[in-house]
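Have the model open while you read, and take the points in order.

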Amino acid sequence: MSTLQKQRCLNHSVREAVARCPLCTQYFCRECVTEHEDRVICAACLRRLTFKPAAKKRNLAGVKRLMAGACGFLLAWMMFYTAGRMLLSIPAEFHDGSVWKLSTFDQE
Ligand SMILES: [Zn+2]
Ligand SMILES: [Zn+2]
């Protein structure tokens, strides 16, 4: 007696099942199953098992995006900081220049 012989592949209704996936308990033909960690499982379950690293990668990408945003913010801050330092390092005599006197004169 063999119930397996009467079973058909879940994906190929014309093919006889040769293996039963221990995870989803469905029957599959030789083409639809694959060996994974000493277990014969179906392609759908293999995808489900190997999906986790992909999800991790997506999270890593999110972290990378966050890092890129932080780096961009840091870069912008450094630019402002450098610009501020440059303005401070400009000699005081510059502010006594005629440029400022002219501008105040124009406003009056
Ligand atoms: Zn399965
Ligand atoms: Zn099949």
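The points below go from the overall layout to the core, the hairpin and then one alanine.

1. First, a caveat: what you have is a predicted model, and side-chain atom pairs count only at pLDDT 80 or more.

2. Now the layout. The protein chain holds 4 helices and 4 strands. Starting from the N terminus, the order of elements is α-β-β-β-β-α-α-α.

3. How much of the protein chain is buried? Of its 108 residues, 9% count as such. As for contacts between residues at least 6 apart in sequence, 2% of them join residues at least 24 apart.

4. Next, have a look at the largest nonpolar core, which has 10 residues.

5. Cys-21 is a handy place to start exploring. Setting aside neighbours within four places in sequence, Cys-21 is in contact with Phe-28, Val-33, Ile-41 and Cys-42, among others. Gln-26 and Cys-45 are also on the contact list of Cys-21.

6. On to the strands. E3 (residues 33-36) pairs with E4 in the antiparallel sense, over 4 bridges. If you want one bridge to click on, take Thr-34, whose partner in E4 is Ile-41. Together E3 and E4 make a hairpin with 2 residues between them.

7. Last, Ala-43, which sits in helix H2 (residues 43-49). Ala-43 has 14 within 10 Å, so it comes out as partly exposed.

8. What does Ala-43 touch, not counting residues up to four places away in sequence? The answer is Cys-32 and Thr-34. Phe-28 is 15 residues from Ala-43 along the chain, and their C-alpha atoms are separated by 9.4 Å.

Technical notes
Residues are numbered from 1 along each chain as its sequence is written. Chains are lettered from A and ligands numbered from 1 in the order in which they are written. This is a predicted model: local features need pLDDT of at least 70, side-chain atom pairs count only at pLDDT 80 or more; totals for chains, interfaces and linings use all residues. A residue is buried if 20 or more other C-beta atoms lie within 10 Å of its own, exposed if 12 or fewer, and partly exposed in between; C-beta atoms are placed from the backbone. Two residues are in contact if their C-beta atoms, placed from the backbone, lie within 7 Å. A nonpolar core is a set of buried Ala, Val, Leu, Ile, Met, Phe, Trp, Tyr and Cys residues joined through C-beta atoms within 7 Å. Two strands pair if DSSP finds at least two bridges between them.
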